[in-house]
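Trainee: Before we discuss this model, could you show it to me, so that I can ask what the terms rest on?

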Amino acid sequence: MHVLIAGGGIIGLSLAWQLVRQGAQVTVLEQGQPGSEASWAGAGIVPAARATKDASPEQRLAALSYRLHHEWAALLRQETGIDTGFHVCGGLYVAVAEEELPGLRQLLDHCRHQGLQAQWLSQEELARAEPALFPPGQSTGNVLAAVYVPEDVQLRNPWHLRALLSVCLQQGVRLLRGTPLLEVSETSGGTVCVQTPQGKLEGDCLCLCTGAWSGAVAERLGCRLPVEPVRGQIALLRLPRREFQPVVNLGPRYLVPRTDGRVLVGSTEERAGFDKRTTSQAVASLLEMAARLVPSLARAEVERCWAGLRPCTPDRRPCLGPVPGWRRVFVATGHFRGGVTLSPGTAQVMAELLLGRPPAVELEPFRVDRFGSSD
Ligand SMILES: Cc1cc2nc3c(=O)[nH]c(=O)nc-3n(C[C@H](O)[C@H](O)[C@H](O)COP(=O)(O)OP(=O)(O)OC[C@H]3O[C@@H](n4cnc5c(N)ncnc54)[C@H](O)[C@@H]3O)c2cc1C
C-alpha cells in the first residue's frame, strides 16, 4: 500500500508515522518546509480529556489523542532521542470579572462529568498556590477565582515536529520538500495520480493534510471544502526563571510557562486571509492581558512575536474522511485551535480508515460533505 500525503504539518507527519509503523509505504509532498506553518506557530497546549459512556465522537477523539500523547512523547524520545517538551503542567482557567464566574462553574461541572480531576480555587487559595498571579505579597488582584485542572499538558511544537520528522525519515517516509500538489486524477488501474511541478507521483490513495490551504486544494478536485485561515498571533516573553507552573487560560487567551522562564502569550483570532504578519494592536493587547494576569510579566523581555494560520471550518470541527466524488482521496484538516491536541488521534483513525480497518472513533460528525456542496 503506497499512501501519498499532501502537507507536512503536524497532521500530515503524524499520519505518515502511523502509516509507516503499520507497514505502508508513504510519500509526503510539502509545498514549503515541513512543520513550518500553523503547527510550528501553535502554543502546544493539550487539555486533559477523558471519554465517558455518553461521550460524543469529538470527545472520544480528544480522549484518544490525550492518551496517545503520553505514549508518543515517550516513544518519540526513545526512537529519536528528542525531548518534545511534553509535560503535565496543569491548567488554570481564570475569571477576572464577576460575569465570567458562571462560565467557570460550568467548566468545573463539565470537567467532573468527564471524569477529570478539577478544583475550584477562591482568590485566597489561588494566591497561596500561584502567588505570581498577584502583586508581590498580596492576596487580592485581578483574578477573582479559578478552576484548576491538574492533568493539562504542554509540549514545545518545534521540538515535537523535529521528533516527528526525524522518526518519519528514520522509518522510511519519503519526504518531498518544495513540492506542491497541483492536480489530482484517478486512473482506471485503481491508483491515484498527483501532478507536481517536479513531475507525477502515483499511489494507492491520497490524503490531503494541507491545513489552512485545504479549501483551494480541494477546489482543484472540484470539491467544496470550506476551510478558512484564521490568524493567531503570539508574543514570546522571557523571565529569568519560571514563576508559575500551570498554563493560565482567560477565555480564548492564555499564558504558557516554559520550563526555562519563557512565557508564550497567545492568541488572537483574526480573519486576515493568508497574511501572517503581526500587528502592534494585537501584540499590545496580548501584552496588556499578560501583565494583568501575572504582574511580573510587565517587566519581561519581549523575545519574539509571530503569527500562524489555523485551518477553520464553519462548525470549527475537523474534516476527516473521504472526499466526495473520489474513491481514493481523503482529507484530514480543519482542526482549528486543536490541531496539536487532536493530532495523535487523528493520525490513528485516518490510518485505520486508509488501511481499510474500522476507525476507533465514529467519523460521521467529521464528514466532509456536512456543509453541503454549494455556498
Ligand atoms: C497561534 C496559534 C496557537 C495555537 N495553539 C494551539 C494549541 O495550544 N493547541 C492546539 O492543539 N492547537 C493549537 N493551534 C492550532 C494548531 O496549530 C493547528 O490546528 C495545527 O497546526 C494544524 O495542523 P495542520 O498540519 O493541519 O496545518 P499546517 O501546520 O499549517 O500544515 C499544513 C501544511 O500543508 C502544506 N501545504 C498546503 N498546501 C499544499 C499543497 N498544495 N501541496 C503540498 N503542501 C501543501 C503547508 O505548507 C503546510 O506545511 C494553534 C495555532 C496557532 C496559529
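Mentor: Strand S19 (residues 319-322) and strand S20 (residues 329-333) pair in the antiparallel sense over 4 bridges. This is a predicted model, in which local features need pLDDT of at least 70 and side-chain atom pairs count only at pLDDT 80 or more, whereas totals for chains, interfaces and linings use all residues. Residues are numbered from 1 along each chain as its sequence is written.

Trainee: What makes S19 and S20 a pair?

Mentor: Two strands (E runs in DSSP of at least two residues, numbered from the N terminus) pair if DSSP finds at least two bridges between them. S19 and S20 have 4 bridges, and in one of them Gly-321 has Val-331 of S20 as its partner. The two strands form a hairpin with 6 residues between them, and Gly-325 in the turn has a positive phi of about 90°.

Trainee: Why are S9 and S19 said to stand at the edges of the sheet?

Mentor: The open sheet has 6 strands in the order S9-S2-S1-S13-S20-S19, with mixed pairing. S9 (174-176) and S19 each have a single partner strand, so one side of each is left without a neighbour in the sheet. The twist averages 20° from one strand to the next. At the S9 end, strand S2 (residues 25-29) pairs with S9 in the parallel sense over 3 bridges, and Val-28 stands opposite Leu-175.

Trainee: Why is H3 called oblique to H6?

Mentor: Helix H3 (residues 57-80) and helix H6 (residues 157-170) pack at an angle of about 55°, with their axes 10 Å apart. Under 35 degrees would count as roughly parallel, over 145 as roughly antiparallel, and 65 to 115 as roughly perpendicular, the rest being oblique; H3 is therefore oblique to H6. The residues that meet include Leu-76 in H3 and Val-167 in H6.

Trainee: What makes H3 roughly perpendicular to H9?

Mentor: The axes of H3 and helix H9 (residues 343-354) cross at roughly 105° and come within 6 Å, and that angle makes H3 roughly perpendicular to H9.

Trainee: How do you know that the chain agrees with a compact globule?

Mentor: The radius of gyration is taken over C-alpha atoms, and the globule rule is 2.2 Å times the number of residues to the power 0.38. With 375 residues, the rule gives a value near 21 Å, and the chain has 21 Å, which agrees.

Key: Axes are lines fitted to C-alpha atoms, for helices over the stretch in contact, and angles run from 0 to 180 degrees between N-to-C directions. Two residues are in contact if their C-beta atoms, placed from the backbone, lie within 7 Å.
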